[in-house]
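Here are my notes on the structure shown below, written as numbered points that go from the overall fold to single residues. Please keep the structure open while reading.

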Amino acid sequence: MPAVVGLLLGVLVLARVWTSPTSHIAGAEFLDAMGTQWFFAYPGWVLSGATGLAETTLLFHPWGKPVFLHTGGNLLDAVLAAPLRAVFGEVLGYNLWLVVLCGFNGWAAGRFAASWGVGRVGQVIAAALFVLAPFHLYELEWGRPTQALTGFIPLALASLRERRGVAAGVCLALAGWTYWYAGVAAGIAAAVLFPIELAEPGRRQTVRAWLVAAAVAVVLVLPAAIPMLAALDAGQVPGLLALEDGVPVARTVSGDEQGLFVLTALGELGVERASGFSAGVSLFGPVQLLALVAGVFVLRSRSRGPLAVLAVGLLLATGPVLHVGEAEVRNGLYALLVEHVGLFRRWWWPVRASVLVALGVAVFAGAALERLGRWAPLASVPVAVAWCWGFAPLSTWSAQHGPSLACLESAPEGAVIDLPLSLDQRHLWDQVGHGKPQLGGMLSKKAEFGAGRVDEFLAGNAFANDLVQLGAGDFRRGGDEPPGRQDLIELGYRYVVVRAGAYDRPSALGRTSDYARLERALVNRLGPAALRDEEHDNATTVWTLDGSELSCP
């Protein structure tokens, strides 16, 4: 039943997308959403031989980048969603996957609630409130389903409670393969539960279950952990946060600004930046607090386990410094982890550990509402509405690429110079449409993420640099053609693709565009465009470096 309720809630959360489920994607039109679509396409490219698994030359062509070391190899959800995308198409398949994700999270939360003695009605309520947790809906809204696929965490903890060591170890490993943050949080939660479980009868079975789970999890994550830890030891993991007095700060060791996203003492999502600290949306509020208090009263001695999970989630989610209004309190546990586990310096989003808080609160709410007897289902409705108020239903955005990119997909092989070069995930979304290697990639603004080789190349190829500078808005460039076009072609480049909407900007009259100026400059440099979208939300224009024409089938 918890799985069914989770599926039904998934359908409701995605209510807006069902009017156009094959042309629109659930969630906001945000950069992370576009990056997600790229990762969901990646397994197909690997199977087709278009790229390797751990490294790819689809980005920063022809030098490429180690996708695994830069992102943690978070492809499990993309692989799991592949059958739905194959059967129903990429867009509808993705939307259906989000529904399945909600069903899985609900089922797992129900199992966790059951392991602490919560009855069937309470399990269903806990499942529903876990699915509707603002944390999950926030991640789904901004296009991050990988971070919202958290069901392996409660499933692992429930399996440990049931002394099923192998199953628990597999789930712990799957949590890590989904997203390494989740694996770390799940492992720490399991460690915190261990002494609590030792106080119950069956100490020998408890020790055996935890040891088996740890061994299985370690074996299954070794293929990922060994290269990641080796790269960390060699200083090859990009984006590590700099330290001041042992505390991570909002910049990387290379000097790039990097936001640090944490949970505040008031339950808000806070962001620490070089310019200061700010708080945003509320992930936990009075409703969750009341549910916690009521649930502790109902479960009494059985509340120790869920409380421990919730508490460790709070300690991790607050990050290196707990923000209480204007005051700041150093988080000793977090500082200790940073000191002894270097990978914590790559944890830009400590707030994601708040999934443990959401799990604990959902269980307490289910236990409390279950005490209302036959009124429990009815009473849970307003609680659920208040629980997710302002976070559902999800927005939608158009998944339709312009005709130019569809035509480019079937055009002769060749790499793409994508302008402007610094659009990051928007270029990834365009690549989903055309499928060709490109000069840009994640993150094209930061040399340590693979863009360094591109910078070196542009410094040595005047023609390519001229195109990139035009794309960056230096429209006054002119004169004779700089040398390097033939070198660029011999390197495998054939196309220049411009996203027209990237040149929109505010003006005194509202909005204006610099695209016409760029187009004139590119026509002077490259000749007439080979492909053009006259009217389209995601309009692009395509030039060929050798002046050849393109025709669409």
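1. A contact here means that heavy atoms of two residues lie within 4.5 Å. With that in hand, among the contacts in the protein between residues at least 6 apart in sequence, 69% join residues that are at least 24 apart. Please keep in mind throughout that this is a predicted model.

2. On the overall form, the C-alpha trace spans about 80 × 50 × 50 Å along its principal axes, and the secondary structure comes to 23 helices and 15 strands. The radius of gyration is 25 Å, which agrees with a compact globule, because a globule of 553 residues would have a value near 24 Å.

3. The largest nonpolar core has 168 residues, and the members that touch the most others are Trp38, Leu157, Val496, Val498 and Leu522. Helix H16, which covers residues 355-370, gives this core its largest share, namely 13 residues.

4. Which residues does Leu157 touch, if residues up to four places away in sequence are not counted? The partners of Leu157 are Phe112, Ala186, Ala189, Ala190, Leu193, Val309 and Leu359.

5. Lys65 deserves a look of its own: is this residue buried or exposed? Its relative accessible area is 2%, and Lys65 therefore counts as buried, since the cut-off for that word is under 20%. Lys65 lies in the loop between helix H2 (31-48) and helix H3 (67-71). Leaving aside residues up to four places away in sequence, Lys65 touches Ala54, Glu55, Thr56, Leu59, Phe60, His70, Met442, Leu443 and Phe449.

6. Gly484 is also found in a loop, the one between helix H21 (462-471) and helix H22 (485-490). With a relative accessibility of 16%, Gly484 counts as buried, because that value is under the 20% cut-off. When residues up to four places away in sequence are not counted, Gly484 touches Asn461 and Phe463. Although Gly484 and Phe463 are 21 residues apart along the chain, their C-alpha atoms are separated by 4.9 Å.

Note on methods:
Residues are numbered from 1 along each chain as its sequence is written. This is a predicted model: local features need pLDDT of at least 70, side-chain atom pairs count only at pLDDT 80 or more; totals for chains, interfaces and linings use all residues. Side-chain values use heavy atoms; hydrogens and water are left out. Helices (H or I, at least four residues) and strands (E, at least two) are DSSP runs, numbered from the N terminus. The radius of gyration is taken over C-alpha atoms; the globule rule is 2.2 Å times the number of residues to the power 0.38. A nonpolar core is a set of buried Ala, Val, Leu, Ile, Met, Phe, Trp, Tyr and Cys residues joined through side-chain atoms within 4.5 Å. Buried means under 20% relative accessible area, exposed over 50%, partly exposed in between (1.4 Å probe, protein chains only).
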